[in-house]
Amino acid sequence: MSRLPPASRHDATLLEITPDRGERFGTGLLSQAAAMIYTLLVVELLVLVTAGPGLVLPALLDRDVSNLPLAALCLLPAGPALSAAIYALHRRRLDLADLHPATAFVRGYRLNAVGALKVWGLWLLLITLNLAEPGVAQWIVIAVSTVWMLNALVITSLFVFRWRDVARLSAYLLIRSFGVTVGNACLIVVALAGIWLWSEAVLALAASLLVLALLGNARPLIGVVRKEFVR
C-alpha cells in the first residue's frame, strides 16, 4: 500500500501513572479501580444520552425488511456517540484527582462527529442493502464491512485523516493487522450473542465496556498508524 500523506493527530497521550503511588492521593490500586469504574459509568451515561433516543425505536420495530431504512436512520446518532466514547476512553486517566471523562467525551464528539457519521452511515447503508435480500455473498459483505467499520471508527476517532484515506487505511489494516481483525470478529460474535440471548438493549447498556474492549484489541492497529502514517 502506498504511503498516505502525513496526518496531524489529536492529543493521543495515554494515561501516565506516577511510579511512586504513595506520594499522591488517588494513585493506589483501589483508587485506580474506582477511577476506571467512574469513567466507564460517565461514558456509558453520555453514550445513552447522545444515542439512546435513536436506539429505542429500532428495538420496538417488527423484524421486517421494510423497517430496515427507518431503523438505520434511527441508529445514525450512535456513530458519533461511539466515536466520542473511543476518544474519551483512549484518554482515560486512573488518577482520582484528575478525572475528566465528560470533558473528553464532549471534545471527542465535537471533533469527530462528521467523520464518524461518514463511516457509520456508509456501514448502515451497506447493512441495509445486504439485509434486504440476504444470501451467502451478502453475509460476507456484512461481516467484512463490519470489521472494516470498527477499524475506521477507531482511526477517525483518534487521528485526523481525509475520509478517503480513512477508508483505504481501514481496508489495508484488515490484513496488515490481522490479529486485530480476528479480535474484532470475536467482539462482533460476543455482541451478536448478547442480542440473541437478551436484546439490543444489552449492547446499549454495555457500550462503554465494548468500546474499552475494542480499544484494548486495537492497540497494535493504533501503533501501526501512529508509527507508519503519522508524523
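**Exercises on salt bridges and loop residues**

Arg162 is partly exposed, with a relative accessible area of 41% (buried means under 20%, exposed over 50%, partly exposed in between; 1.4 Å probe, protein chains only). The model is predicted, so local features need pLDDT of at least 70 and side-chain atom pairs pLDDT 80 or more, while totals for chains, interfaces and linings use all residues. Residues are numbered from 1 along each chain as its sequence is written, and side-chain values use heavy atoms, without hydrogens and water.

**Exercise 1. Determine which residues Asp165 pairs with, and whether Asp165 is buried or exposed.**

Step 1. Begin with the whole structure: a search finds three salt bridges (a side-chain nitrogen of Lys or Arg within 4 Å of a carboxyl oxygen of Asp or Glu).

Step 2. One of them joins the side chains of Asp165 and Arg162, with 2.9 Å from N to O.

Step 3. Asp165 also forms a salt bridge with Arg168, where the closest N and O atoms are 3.2 Å apart. Both Asp165 and Arg168 belong to helix α6 and are three residues apart, so about one helical turn separates them (helices are DSSP runs of H or I, at least four residues, numbered from the N terminus).

Step 4. Compare the accessibilities. Asp165 has a relative accessible area of 2% and is therefore buried. Arg168, at 36%, counts as partly exposed.

**Exercise 2. Identify the partner of Arg176 in a salt bridge, and state which helices hold the two residues.**

Step 1. Arg176 forms a salt bridge with Glu228, and the closest N and O atoms are 2.4 Å apart.

Step 2. Locate the two residues. Arg176 lies in helix α6, whereas Glu228 lies in helix α10 (residues 219-229), so the pair ties together parts that are 52 residues apart in sequence.

Step 3. Check how accessible each residue is. Arg176 has 37% relative accessibility and counts as partly exposed. Glu228, at 23%, likewise counts as partly exposed.

**Exercise 3. State where Ser177 is placed, whether Ser177 is buried or exposed, and which residues it touches.**

Step 1. Ser177 is placed in the loop between α6 (163-176) and α7 (178-197).

Step 2. The relative accessible area of Ser177 is 7%, so this residue is buried.

Step 3. Leaving out residues up to four places away in sequence, Ser177 touches Leu221 and Val224 (heavy atoms within 4.5 Å).
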